[in-house]
Amino acid sequence: MMGMAARQVAAALGGAALVFALSWAGPAAAEVLPVHGFVEAAAGARLGDEKTERPDYDMLELRLQFRSAWFPESLAEYSAEANAKVELMADGYDGEVRATARELYIFLTPADFVDVKAGRQILTWGTGDYLFINDLFPKDYVSFFIGRDDEYLKLPSDALRALVYLPLFSLDAVVIPRFAPNRTLRGDRLSFYDAVSGAIGGRDTPRIFERPARTAANMETALRAFRTFASYEAALYFFNGFYKNPFGMKDPAAGRFYYPELTVYGASLRGPAAGGIVSVEAGYYDSREDRDGANPFVENGAVKTLLGYSRDLGNDLKAGVQYELDVMLDYDAYTRTLAPGSPVRDELRHLFTLRLSKLMYADTLRLGLFVFYSPSDEDAYLRPTVSYKASDTFGISAGANVFAGKKDHTEFGQADGNDNLYVRMRWDF
């Protein structure tokens, strides 16, 4: 298998050389379609159990990314801009070479008060730092937990987005015709808690995940109305679609999971206070298939709130803290209908985070630490990082993902066997 991976890496390098040659064909060509990007090699060693496909490592890959923009003259009156961010990755873990388009969209300004973006794009909003309440766009938690760059936490969406600038407020409207779920722990690369067996599962725990049918009725919509008051940005949110995690079960015996219907109403406020930046965000999660909480196979509704504060402590040291409270609705119905022997979740889930970052040596060395800790779940997740920028084009990063928990069914407790160390080297061009 490693020989196959080596051949795939060689193929990726050959592809990179071809594109470099095209992008550097000459000044005229560069003016027409400039190409930028990076080559990155990454490896991650496992420190945990042996339930996954490869007991020794969970990342061995070579990634090649290209970025380019095109400004068609025929659409110049609409400030048209076409953007592409495509990647070729040789993945030694899966033994595959994959080509993906992370961004492929066109941006237009059809009127002075409207911007439109259509195509594959990364969508993000809300105030949280690694925590998401009103950002219901898809995430890749496998990439996050094995040490890929932070940009890979967000998965792209095929969407139509319009920004409308009105006198009293601005409106951000998104339509996603095709449902895209979060990439969650499923046992192949990272072990997970299997609700069917009630134990930690790995490569021998196959499950079926059914996505919503591609119909007009299943299109997802997201709206954000926002306005700035003095130095404070306020926003209201609405989302109508589906849970991004498989929080529904159709056939427990067969291990068939699905994504239940979800509507979220939310709000946020962020601005300066107490020498730093303060934020508050909340969301009401309406689990439309189980509004009374009596169906044990569908996620209960919830109210989620998030408080955040960050500030510069001087000498290039920054700190940020957050507190999230999740309140499960219809808790009595949840406990009454729970199957005998099933683990019982708390009605209130408390989660604290801490971020510390320090720049040193003319900003070439960055030290970082991010900590998640839940006193109610009795679990934690630590992300220490260090990165060094040797030049304008070359840098190296390393870090660890460390999980701890007393219970197998909690968010970070289930990942206790997935501890890892990783290193990445990147060359920008």
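**Strand pairing and overall architecture of the predicted model**

Strand S22 (residues 394–405) is paired with strand S23 in the antiparallel sense, the two being joined over 8 bridges. Pairing is assigned where DSSP finds at least two bridges between two strands; strands are DSSP runs of E with at least two residues, helices are runs of H or I with at least four, and both are numbered from the N terminus. Within this pair, Gly395 has Arg426 of S23 as its bridge partner. The structure is a predicted model, in which local features require a pLDDT of at least 70 and side-chain atom pairs count only at pLDDT 80 or more, whereas totals for chains, interfaces and linings use all residues. Residues are numbered from 1 along each chain as its sequence is written, and side-chain values use heavy atoms, with hydrogens and water left out.

Strand S23 (residues 420–428) also runs antiparallel to S1, to which 9 bridges join it. In general, the strands of a sheet pair through backbone hydrogen bonds, in either a parallel or an antiparallel arrangement.

Strand S2 (residues 57–70) is largely enclosed by the rest of the structure, because 11 of its 14 residues are buried. Burial denotes a relative accessible area under 20% and exposure one over 50%, with partly exposed in between (1.4 Å probe, protein chains only). Across the protein chain, 43% of the 429 residues count as buried.

A separate description applies to an open sheet of 3 strands, which has the order S10-S14-S13 and mixed pairing. Its edge strands are S10 (208–210) and S13 (248–251), each of which pairs on one side only. From one strand to the next, the twist averages 35°, with axes taken as lines fitted to C-alpha atoms (for helices over the stretch in contact) and angles running from 0 to 180 degrees between N-to-C directions. Strand S14 (residues 256–258) runs antiparallel to S13, and 3 bridges join the two. Met249 has Phe257 in S14 as its bridge partner.

At the level of the whole chain, the secondary structure comes to 4 helices and 23 strands. The radius of gyration is 23 Å, close to the 22 Å given by the globule rule for 429 residues, so the protein chain is as compact as a globular protein of that length. The radius is taken over C-alpha atoms, and the rule is 2.2 Å times the number of residues to the power 0.38. Along its principal axes, the C-alpha trace spans about 70 × 60 × 50 Å. Among contacts with a separation of 6 or more, 58% are accounted for by residues 24 or more positions apart, a contact being defined by heavy atoms within 4.5 Å. The accessible surface comes to about 20,800 Å², of which 61% belongs to carbon and sulfur atoms; areas come from the Shrake-Rupley method with a 1.4 Å probe, and for residues only the protein chains shown count as cover.

Three alanine residues were examined individually. Ala99 lies in strand S4 (residues 96–111) and is exposed, with a relative accessible area of 65%. Leaving aside neighbours within four places in sequence, Ala99 is in contact with Glu87 and Leu88. Ala99 and Phe144, 45 residues apart in sequence, are 20 Å apart in space, C-alpha to C-alpha. Ala230, in the loop between strand S11 (220–229) and strand S12 (232–242), has a positive phi of about 55° although it is not a glycine; its relative accessible area of 76% classes Ala230 as exposed. Ala362 is found in the loop between strand S19 (348–360) and strand S20 (365–374). A positive phi of about 55° is assigned to Ala362, which is not a glycine, and Ala362 counts as exposed at 73% relative accessibility.

The predictor's confidence in each residue is expressed as pLDDT, from 0 to 100. The protein chain averages a pLDDT of 92, and 93% of the residues score at least 70. Over residues 1–12 the pLDDT is below 50, and this stretch has 16 contacts in the model beyond near neighbours in sequence. Residues 21–30 likewise have a pLDDT below 50, with 4 contacts beyond near neighbours in sequence. Where pLDDT is low, the predicted coordinates should not be read in detail.
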